[in-house]
Number of protein chains: 2
Amino acid sequence: MLTIYGVYRSRASRNLWLADELGIPFKHVPVIQHYRLPDAAAPGAPINTRSPEFLKINPNGHIPSIEDDGLVLHESLAINLYLARKHGGPLAPADVAEDGQMTMWALWAATELETNALNVAYHRVGNPSGIKDAKIADAAVAALRAPFAVLDKALAATGYLVGGRFTVADLNVAEIVRYALPAPELFESAPRVKAWLAACHDRPAFKRMWERRESEPA
Amino acid sequence: MLTIYGVYRSRASRNLWLADELGIPFKHVPVIQHYRLPDAAAPGAPINTRSPEFLKINPNGHIPSIEDDGLVLHESLAINLYLARKHGGPLAPADVAEDGQMTMWALWAATELETNALNVAYHRVGNPSGIKDAKIADAAVAALRAPFAVLDKALAATGYLVGGRFTVADLNVAEIVRYALPAPELFESAPRVKAWLAACHDRPAFKRMWERRESEPA
């Protein structure tokens, strides 16, 4: 039995989307980020990333984590690669070469995209107005131009990242590219990225994930 | 045939060390970081991360990359996971659960350790004196205390990260923890991390890699 820890409004969205794509039944424990609560340690506070019961699962105090038949894993992108490898099918690597490429794209997205993409999301939309900093957002957009060009080029041959089909590599990278949506100028300069992300977001499992996410308190 | 692109004084050290551990013959192309050259674009400049011939291999313009029987891969940690999976043996994942854990540790090290560990290396040792900033180094050390505690705890059971033996997970994480060596206070507070890194560095293949690295121009 698979348990996924983490609210939809977190990186757990990646795992919740993939589990639906793969048709895996799972238990969902909506652990929330401690910094989103007025007092995470108060008696009766919802389970959060500083709750003792969750720190026993993940001593890093971050979401998501999973437990799968006794195996505990953290790191959303690694969790998705694990679930895809375990359950197989078209989203999973077909061989060691595809697995290498899918692992590469996960690390590429985490190191070349994520910090800057989150700065776009936070500083153009997410942060309260006093904390929003247009300069940070603009610097992040500038830094994202090179990796967006790399991604656009990688999509040229088939419209997908690995093996000419939608895989866990697309899902992992798409969930990070999504944070940059408040910078439409990046997508206008990378039309294949724009079309690819739209195709990813048109998948029924993404739409179900998104609907559940939107129904959570902001 | 395997080709590894990148000088020893770069993240390519990870791949060069692993290839030796696995006993894989390879061709080494010592691509250097463009910012280490006075004029990377000058005629006769050594092959570097902005050389047109290398950008054809890796459009990100970063090292390392590999080419292995026609498969081109980037991202040092993903390359190591790929090489271990392909060649097997005790350093490789024995099953999908171990693969999940090894992939998790790679992403954990890239996202929870690397930026701060590099700031320790740069701002305590590597940077020229005018650019060294003790405040940046100290903030990085403070941020590394939590992940060092997680790592110390993970090593408690067997002294290794996955499967009770030295694997590609240890090698990948050790190469990032190494950057934090100029902060001995971190290792004094995490004695298992200190002993584990010493054991990693005592391996003959690490020593050979290090000797070749030291023989490169600083």
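Let us begin with Val173(A), which is buried at a relative accessible area of 0%. Here buried means under 20% relative accessible area, exposed means over 50%, and partly exposed is in between, with a 1.4 Å probe and protein chains only. Val173(A) sits in helix α6, residues 168–177 of chain A. Helices (H or I, at least four residues) and strands (E, at least two) are DSSP runs, numbered from the N terminus. Setting aside residues up to four places away in sequence, Val173(A) touches Trp105(A), Trp108(A), Ala109(A), Leu113(A), Leu151(A), Leu161(A) and Trp196(A). Contact here means heavy atoms within 4.5 Å. The C-alpha atom of Val173(A) is also 6.6 Å from that of Ala106(A), although 67 residues separate the two along the chain.

A word on the basis of these values. This is a predicted model, in which local features need pLDDT of at least 70 and side-chain atom pairs count only at pLDDT 80 or more, while totals for chains, interfaces and linings use all residues. Residues are numbered from 1 along each chain as its sequence is written, chains are lettered from A and ligands numbered from 1 in the order in which they are written, and side-chain values use heavy atoms, with hydrogens and water left out.

I now turn to chain A as a whole. Chain A has 9 helices and 4 strands, and along the sequence they follow the pattern β-α-β-α-β-β-α-α-α-α-α-α-α. The radius of gyration of chain A is 17 Å, close to the 17 Å from the globule rule for 218 residues, so chain A is as compact as a globular protein of that length. That radius is taken over C-alpha atoms, and the globule rule is 2.2 Å times the number of residues to the power 0.38. Along its principal axes, the C-alpha trace of chain A spans about 55 × 45 × 25 Å.

How much of chain A is buried? Buried residues make up 53% of its 218 residues. Of the contacts in chain A with a separation of 6 or more, 60% come from residues 24 or more positions apart. Chain A exposes about 9,200 Å², and carbon and sulfur atoms supply 56% of that area. Accessible areas come from the Shrake-Rupley method with a 1.4 Å probe, and for residues only the protein chains shown count as cover.

The UniProt record, an unreviewed entry, divides chain A into annotated domains. Its annotation "domain: GST N-terminal" covers residues 1–91 of chain A. UniProt positions are given in the numbering used here, feature names are shortened, and annotations may be inferred rather than shown by experiment. Over residues 1–91, chain A is 32% helix and 18% strand, with the end C-alpha atoms 20 Å apart. The annotation "domain: GST C-terminal", also from an unreviewed entry, covers residues 95–218 of chain A. Over residues 95–218, chain A is 72% helix and 0% strand, and the end C-alpha atoms are 41 Å apart.

Next, some details of the backbone. Most residues other than glycine have a negative phi, and most peptide bonds are trans. Which peptide bond of chain A is cis, with omega near 0°? It is the bond from Ile63(A) to Pro64(A). Pro64(A) lies in the loop between α2 (52–57) and β3 (65–68) of chain A. In chain B, the bond from Ile63(B) to Pro64(B) is cis, with omega near 5°, and Pro64(B) is in the loop between α2 (52–57) and β3 (65–68) of that chain.

Asp69(A) is not a glycine, yet its phi is positive, near 50°. Asp69(A) is placed in the loop between β3 and β4 (71–74) of chain A, and it counts as exposed at 58% relative accessibility. Glu75(B), likewise not a glycine, has a positive phi of about 75°. Glu75(B) is in the loop between β4 (71–74) and α3 (76–87) of chain B. Is Glu75(B) buried or exposed? At 15% relative accessibility, Glu75(B) counts as buried.

Pro25(B) lies in the loop between α1 (12–22) and β2 (26–29) and counts as exposed at 59% relative accessibility. Glu216(B) lies in the segment after α9 (204–214) and is buried, with a relative accessible area of 15%. Leaving out residues up to four places away in sequence, Glu216(B) touches Val7(B), Tyr8(B) and Arg9(B).
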